[in-house]
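Me: Please examine the model shown below and prepare for a series of questions on its architecture and contacts.

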Amino acid sequence: MSTKRNRAITLLSLGHACVDVYQGAVAALVPYFVAERAYSYAAASGVVLAASLLSSVVQPLFGALTDRWAMPWLLPLSALTGGAGVALSGVMGSYVLTLTVVAVSGIGVAAYHPEAARAARDAAHGSHTAMGWFSLGGNVGFALAPPLVAAVAAAGGLGASPLLVVPAVVGAALCAAAVRSAPGGGVAADKAAGVGTDDWRSFLRLSGAVACRSIVFVGLSTFVSLYVRQRTGGGNVAGTAALCVLYVGGAVGTVAGGRLADRYGRLTVVRHAYVLTVVAVAGVVLVPGPSVYLFVALTSAGLYVPFSLHITLGQDYLPRRVGTASGVTLGLTVSVGGLAAPVVGALADATSLRTALVPLVALPALGRLLLCGLREPEAPGRVSTAPGACGRRHRTASG
């Protein structure tokens, strides 16, 4: 890639990190809501739901809008909105107001991702590795959220939450710089729109798999801190460490996923990652003692290796609707996890946290089944010579 494109990808990745701090921060705040406000598991997971509910609805809408018009101005504005909601969550006087500001944050995050993914696709110029670097930014943001929240809470508990607005300000500046650095200001992406044939059947199956992955990820990110504290007998440090392992492992896995896909193909890598996730989540739930950290790390790898590959596969299955594809794979399906979190919390209140996490073992297995038979997207009119997962050869959507 040219120096200008490299600069654009770097700035987009750093901006992505600043925005996704606020997705990770919501889960990281859960133990503090439980400790300082005596929220039940269900009530605490309701905060995660608030961040996801409106986001899940509006993100495809923003994606459809970016399919029609380039909206680079949306990147800095959405970064500020996402940060403001989380920053206010710790100082709201009621549960309803807390849910409201967290929901506003979710809308900001929803507005950011489709336009950012469209701009990154343009700058990446077809490189899975470059898209991996863009996705890495989001994973780094998730990973930084727990220590950032812990540091702010140590300074003044939930009352110090306004300090969490700082990454949003930095992110807005980075996004503005990325817009100025983007080659052609996103024109290339607009010219490429409408080329190819949309394969909705493959896209919907991929989206189902991503939704399964999302429920596992959000369920663990919401409760793994509390769960590890129970399993190891440790305090806040033990729980925060587990959440950091989940997010940091994801940062490594995302870059590895892009590189592996350039060598072995996206679907091959994605399918193997889902199998790894089944084994790893079972280890988190069933294996006692400090070894839980190892299985959290393996779970992180299984969940994150396919992360950027989901995005590019979705975009290639819907080449005429790149923004919509990004809004669904980065937004709607990911937000499904937030919708499921209160169910996990309610089950934990009724039984135990360990019992509530057991169903998460089956979801990546279901996701792997949905991936069976999908083929690598190709140019319209060409026939794939590579066998599918079930051993048959497949035509492209247009064939």
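The questions and answers that follow treat confidence, overall fold, selected helices and salt bridges.

This is a predicted model, in which local features need pLDDT of at least 70 and side-chain atom pairs count only at pLDDT 80 or more, while totals for chains, interfaces and linings use all residues. Residues are numbered from 1 along each chain as its sequence is written, and side-chain values use heavy atoms, with hydrogens and water left out.

Me: What is the average pLDDT of the protein chain?
Reply: pLDDT is the predictor's confidence in each residue, from 0 to 100. In the protein chain, 88% of the residues score at least 70. The average over the chain is 82.

Me: How many contacts beyond four places in sequence does the model have for residues 379-399?
Reply: Contact means heavy atoms within 4.5 Å. Over residues 379-399 the pLDDT stays under 50. Where pLDDT is low, the predicted coordinates should not be read in detail. With that caution, the number of such contacts in the model is 34.

Me: How many helices and strands does the protein chain have?
Reply: Helices (H or I, at least four residues) and strands (E, at least two) are DSSP runs, numbered from the N terminus. On this assignment the protein chain has two strands, and its helices number 15.

Me: What percentage of the 399 residues is buried?
Reply: Buried means under 20% relative accessible area, exposed over 50% and partly exposed in between, with a 1.4 Å probe and protein chains only. Applied to the 399 residues of the protein chain, this gives a buried share of 58%.

Me: Which residues does Ser13 touch, not counting those up to four places away in sequence?
Reply: Ser13 lies in helix H1 (residues 3-37) and counts as buried because its relative accessibility is 12%. Its C-alpha atom is separated by 7.1 Å from that of Gly138, 125 residues apart along the chain. Beyond its sequence neighbours, Ser13 touches Trp133, Phe134, Leu136 and Gly137.

Me: Is Ala38 buried or exposed?
Reply: Ala38 is placed in the loop between H1 and helix H2 (41-68). Its phi is near 55°, a positive value in a residue other than glycine. With a relative accessible area of 65%, Ala38 is exposed.

Me: How many of the 30 residues of H4 are buried?
Reply: Helix H4 (residues 95-124) reaches 42 Å from its first C-alpha to its last, close to the 44 Å expected at 1.5 Å a residue. That expected span is 1.5 Å times one less than the number of residues. H4 is mostly covered, and its count of buried residues is 22.

Me: With which residues is Ser308 in contact, leaving aside neighbours within four places in sequence?
Reply: Ser308 is found in helix H12 (residues 307-317). Its relative accessible area is 1%, so Ser308 is buried. Its contacts are with Met131, Gly132, Ser135, Thr254 and Gly258.

Me: How many residues apart in sequence are the parts tied together by Arg321 and Asp198?
Reply: A salt bridge is a side-chain nitrogen of Lys or Arg within 4 Å of a carboxyl oxygen of Asp or Glu. Arg321 forms one with Asp198, the closest N and O atoms being 2.1 Å apart. Arg321 lies in the loop between H12 and helix H13 (322-350), and Asp198 in the loop between helix H7 (187-192) and helix H8 (200-232), so the separation of the joined parts in sequence is 123 residues.

Me: Why does Arg375 count as buried?
Reply: The side chains of Asp199 and Arg375 meet in a salt bridge at 3.3 Å, N to O. Asp199 lies in the loop between H7 and H8, and Arg375 in the loop between helix H15 (362-371) and strand S1 (383-387), so the pair ties together parts 176 residues apart in sequence. Arg375 counts as buried because its relative accessibility is 8%.

Me: Which residues are linked with Arg266 in a network of salt bridges?
Reply: The side chains of Arg266 and Asp316 meet in a salt bridge of 2.9 Å, N to O. Arg266 lies in helix H10 (residues 266-286) and Asp316 in helix H12, so the pair ties together parts 50 residues apart in sequence. Arg266 is buried at 3% relative accessible area, whereas Asp316 is partly exposed at 27%. The residues linked with Arg266 in the network are Asp316 and Glu376.
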